Structures are given as C-alpha cells and as structure tokens.
Amino acid sequence: MNKVSMTVNGRTVSADVEGRTLLSSLLRDDLHLTGTHVGCDTSQCGACVVHVDGKAVKACTMLAAEADGADVKTIEGMANADGSLGVIQQAFRDYHGLQCGFCTPGMVMSAAALLEENPKPSEAEVRDYLEGNICRCTGYHNIVKAILAASGQQVEAVAAE
Amino acid sequence: MYNFDFVSPGSVADAVSALQAEEAQALGGGQTLLPTMKQRLAQPSTLVSLSGLSEMLGVSSDGGVMTIGGATTHATVAAEAGAYPALAGLASHIGDPAVRNRGTLGGSLANNDPAACYPSAVLGSGATVVTNAREIAADDYFQGMFTTALEEGEIITAVKFPIPEKGNYQKFLQPASRFALVGVFVAKYADGVRVAVTGASEDGVHRWSEAEAALSANFSAAALDGLSVSADGMITDLHGTDAYRAHLVKVMTGRAVAAAA
C-alpha cells in the first residue's frame, strides 16, 4: 500500500492506496466524488478528465500514487463558492451543451483547460482541443457553442451554423 | 489490472537500483503502459515512476542541438521546442491534449510502437538517445517493432536532436485511434537529408534511403517523382493494405518536403 495525500478541490485528503489504484478510482470510490465519470476506461473517451496541477489529464490513465502531493480539481470543484454554476457550466446549460450528460464532466474540465491556455479560441481550436472527449449523443455542436459562449465571445459570430 | 508495488524514486540513480527488482518496469507517463496493464498484456511486479525526476525534465538548445529530458511531456515539447519547429509540431499532434499532458518522450521511445510519432523524429534527425549508462545513435537504437537497443533496466534520460536547416512531419491519421497510419519525418541538414517513416513497416520506424538521396540532390517534392516504394514488408491490417501504406509513404514524404520550414 502507498500512502498518498493531495489537495482535491481545495481540500486536503489522504488515503492508503494499492499500486494499481487509478486516480479515477480514488476520486470515485474512496472520496465519493462520482462526478468524474469512467466511460471507456481506456483513455479514449475523456469522460474522466480532471486537472492535476492545472493540467487536464485522464484520471483513468493515471495512478493515484502518481498524484501524491498534487493539486487535483474535479467537476465538483467547478461551481462557484455559493453553489451556483460556474461560467462554463452555466454556458453548457444555456446552450444545451449536453444530452445524456455522461460526457459532460470531462467536456467541462477540458473546456476549462482550453480556456486557461487560450482564452479566446476559434471554433476550430475548440473542436481540435476536444479531440480526446467523445460525446456518444454526438452533441458536439452545442458543446462547441457553449465553450465559445463561456469564453465571452459572440457565439453567432464565431460558430458555424 | 494485477496489483504491483509502486516506487517513486528521488533520482535517476535510485530509479536504476529500483529497476533491479525482479519483473520491475519503468513507468513514464503511463499512456501506453497503463492501458496495456489493464488488458493484462503486461504484469510487472514493480512500477518505478520516472515522471517526477527533475534530472529528466526540460527542453534546452545549445550550439544547434536541442536536448530534451526523457520525462518531458509531449505538451511541454510542443510548447517549448520552438527552436525545432518540426519537432514541436509533431509533439503537438500526438494523441489528444490530456494524453500530451502525461505522455513522455522517453516513454514513447522505450516502447517503440510501430505507429508512434516520436521514433520518426529521432531517426529522421539522427538524434542521440542518452541513457543512464551510455549514448546510443538513433540508427542503432531502433531494432524493429517494440524492440530497441535498451538493456533491462536502462532508462532514457534525454535525447539530443541536431536541429536541421528545414524539417517537417506529416502524418496520415488512422481515423479511429489517431495514431499514424503512415507518418513521415523529413529533415534537411547541411550534409544531406534524412527521411524516417513510421506506421508503415512491419519492422517499425525506418529510413527511406532512395528518397534521402534524391532529396539531398534536390530538396523539392518533384525530386520524388521517379521513386516508388515497395509494398514488401509493409503492414496490412483492417485500416489499410500494404500497397496503400507504400503509396502513402511517398505522398506523405512529398507533403513533408513541401511544408518543410
């Protein structure tokens, strides 16, 4: 067993984990932060994207032990302090950027990482950045619109119809 | 996946000794190894994590040579290897953003997947693979699909890339996996042109010597006109036949030459 401690959504947590425990398992099974979804478990679908030290990573393809000492942020950390939806979450709601909702946590976390790197992305840049996030409802168009809206841009001006 | 001991060494020296344990294996960013272990295609007893080793991180350039630490992620290479645009461009299109934030140069080279991007840059640049024990020329390093010159427990600490006058990497994406169906790295140096092909051959990454000779005489896509690539030894799978891949090698080489900067 490995003793790990890390910050998750601003809270210090520690746990004893097996070598094989994935970060996604630690978040979901031990910390009960089930907003991080596991879709494919093969690092292709992106439903499990979280931020580790500010970088988007697939939590199903990182060991919990590798996150020892890290600052982790999950979808549960994206709301405002008063519990209202964060800017990206609100934009997903406003633009109907989700259908079944399964991919949404990963989409929001990838979107947040994109806007951190590139605050005013073009539509093409948004689509390119979402290469590793799969929506099996194929609702990409509204997801892209939501992210453009969250960046403060006029969606009509930058998104193809 | 089967359980294992996880070791996080504080130095390359500690990592080398940890790798002496029976069935121990080095863990880079884990973007290939962890999925492989989930499928139980690999079951090491110990994983030795290299990602936190500061000795193996970073990008620097000096005297026309770019040195990149073995534990440097693709995202960092994409962002910081601007002095070698072809290499930064290649790194910026591996996998997806989240994979690029974890996957490492050393991990990719140690695995030597026949469809990986980085091996073509290393072979196409005539780079030097630096390990904890020695330096290995790219032409000696790659020894066929998933096979390299690395000894048991040997760690890639850095790679030294001579920066070419011009270079470019073009890959034809396998549309589902986004690995290279065929990728070609072209680099023009004062003493000649190197062309390295990934994704195509059953022997893994390899040089295309006829194209190198033609492009060394005349660095233009037209110089390839009279050449043809044999389908012998090319990969055939459900994504493409050997003849299709052979055709793509020439097409992608031409595109890389045309785009070289």
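User: How many residues of chain A are in contact with chain B, and how many of chain B with chain A?
Analyst: 21 residues of chain A touch 24 residues of chain B, with contact meaning heavy atoms within 4.5 Å. Ground rules: this is a predicted model, where local features need pLDDT of at least 70, side-chain atom pairs count only at pLDDT 80 or more, and totals for chains, interfaces and linings use all residues. Residues are numbered from 1 along each chain as its sequence is written, chains are lettered from A and ligands numbered from 1 in the order in which they are written, and side-chain values use heavy atoms, with hydrogens and water left out.

User: What area is buried between chain A and chain B?
Analyst: About 1900 Å², with carbon and sulfur atoms giving 56% of that. Buried area is the accessible area (1.4 Å probe) that two parts lose on being put together, summed over both.

User: How many salt bridges between chain A and chain B?
Analyst: Three, counting a side-chain nitrogen of Lys or Arg within 4 Å of a carboxyl oxygen of Asp or Glu. One of them joins Lys58(A) to Asp96(B), at 2.6 Å from N to O.

User: And how many residue pairs are in polar contact there?
Analyst: Eleven, both residues at pLDDT 80 or more. A polar contact is a pair of N or O atoms within 3.5 Å; within protein, one must be able to donate a hydrogen and the other to accept it, and residues adjacent in sequence count only if both atoms are side-chain atoms.

User: Which element gives the largest share of chain A's side?
Analyst: β4(A), with four residues. Strands here are DSSP runs (E, at least two residues), numbered from the N terminus.

User: Switching topic: how is chain A divided into domains?
Analyst: Domain 1 covers 2-77 and domain 2 covers 87-156; the bounds come from an automatic or database domain assignment. Their C-alpha centres lie 22 Å apart. The contact takes 16 residues from domain 1 of chain A and 14 from domain 2 of chain A.

User: What's buried between those two domains of chain A?
Analyst: About 1100 Å², and carbon and sulfur atoms give 65% of it. The salt-bridge count between domain 1 and domain 2 of chain A is zero, while six residue pairs are in polar contact, both at pLDDT 80 or more.

User: Which strands supply at least two residues each on the domain 1 side?
Analyst: β3 (49-52) and β4 (55-58) of chain A. The largest share, three residues, comes from β3(A).
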